[in-house]
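Hi there,

I'm passing a structure on to you, together with some notes to read beside it. Have a look around before you go on.

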Amino acid sequence: MEERQQGTTTRAKNTVKQAFIASLPVMAGYIVLGMGFGILLQDKGYTWPWALLMGVTIYAGSMQYVAVDLLAAGASLISVVLMTVMVQIRHLFYGITLLKKYEKAGKFKPYMIFGLTDETYSLVSRPELPENVDEYKYYFYLTMMNHSYWIIGDVLGVIVGSSFAFNSAGVDFAMTALFVVIFVEQWESAKSHLPAITGIVITAICRLLFDADTFLIPSMIGITVALFLEKRQLEKVLPAEDEAGEAVAEAKTAEAITEAETAGTVPEDTAQKDTAASSMKMTAEEGVTHD
Amino acid sequence: MIDVSKSLAIIAVTAVVTALIRFSPFLIFHKGTPKPILYLGKVLPHAVMGMLVVYCLKNTSFISAPFGAPELLAILFVVIVHKWRHNTLLSVAGGTICYMLLVQVVFA
């Protein structure tokens, strides 16, 4: 009985420890990007409780950058809804690939879904789990740790931004720079550049036709219509329709590796594992940029 | 800063829509996702990032001095630095400092 209890305690401790280790790459990224958000927010006249509120309730990197702009402009709620949908729609697909994995997460599930940012997704969708951890608690802690780094960064940004007197003219460019970075990364990995070009051209045309406060909604409609018009052409280069997409592929690779390992075939598999590990690391690092 | 209740409303709407998007697969799509949605999920993120870059330039004038030079130069800086190091933090921080120098010193 005592022994069993001890085992449980070690396992619980190890779960926290492993989650913390896995979350470390996200820590630096979230604190710095969170601070960028905080600095922008205080520049528009908001104090730290606002950053805390947004970090806790919205918890979405690029969307919070956009929200600063929506707040500064006093945007209409309908354009807030549309903008959020456009910026966050990719998160729909994270959920689709995790339907099975999170199926039995129980009481942890709602929070794990709420906190499914790009970075957290890239960590929880890794095919292998560290040894001796409680699966769902591990995902739960990971989600919570990433969330707390983001909140700390948000609040720190406001405090740093408002306590050091500096000429903040141009600090808004942090948002542009972040989007340019994500754009470059997507461009490099894209099978077709048509969607990216469509986004730029249609938005630019709409900006010429409408004024700065109203061009976004026509842009969104125009982009959606254009993407459906380009569907036949794009589907030739896109991977085949597959609901679980990459997650399935990833899981299969992991399975193959595990099977090969158990079978005891060594050299080739080690190489394969290295590739898988480095590609996973890339996913985690890439993740840092996307949210 | 706009008034408190409008600010709270914008934050609440952003938070609710974000959460709805994250929860919807678990609520709606556990039996399969409609093809048009799957298609949009593949292509829309790329188009949206292009849209957001243009959105950031919405108040930049290209027909009067300095003709968007600080923005274009700083974007070029970000692209080059990012292609070179692929380090998000370096690219974002460096690009922002570059832009701040351009508007505060060079094109002041």
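How many residues does the contact take from chain A and from chain B? Keep in mind that this is a predicted model. The contact takes 75 residues from chain A and 61 residues from chain B. On the chain B side, the elements that give two or more residues are helix H1 (4–27), helix H2 (35–56), helix H3 (69–85) and helix H4 (88–106) of chain B. H2(B) gives the most to that side, with 20 residues. Sorted by class, the side of chain B that touches chain A has 38 nonpolar, 17 polar and six charged residues.

Now to chain A itself. You will find 14 helices and zero strands there. Of its 291 residues, 40% are buried. Take the contacts in chain A between residues at least 6 apart in sequence: 79% of them join residues at least 24 apart.

The nonpolar core comes next. The largest one has 100 residues, and those that touch the most other members are Ala67(A), Leu142(A), Leu178(A), Phe179(A) and Val180(A). H2(B) supplies the largest share of this core, 12 residues. Chain A takes part through both domain 1 (2–185 + 242–290) and domain 2 (192–238), each giving at least three residues to this core.

Leaving out residues up to four places away in sequence, Phe179(A) touches Met49(B), Leu52(B), Val53(B) and Cys56(B).

Enjoy exploring!

Best wishes

Technical notes. Residues numbered from 1 in each chain as written. Chains lettered and ligands numbered in written order. Predicted model: local features only at pLDDT ≥ 70, side-chain atom pairs only at ≥ 80, totals over all residues. Helix = DSSP H or I, 4+ residues; strand = E, 2+ residues; numbered from the N terminus. Buried ≥ 20, exposed ≤ 12 C-beta atoms within 10 Å, placed from the backbone. Contact = placed C-beta atoms within 7 Å. Nonpolar A, V, L, I, M, F, W, Y, C, P; charged D, E, K, R; others polar. Core = buried A, V, L, I, M, F, W, Y, C linked by C-beta atoms within 7 Å. Domains from an automatic or database assignment.
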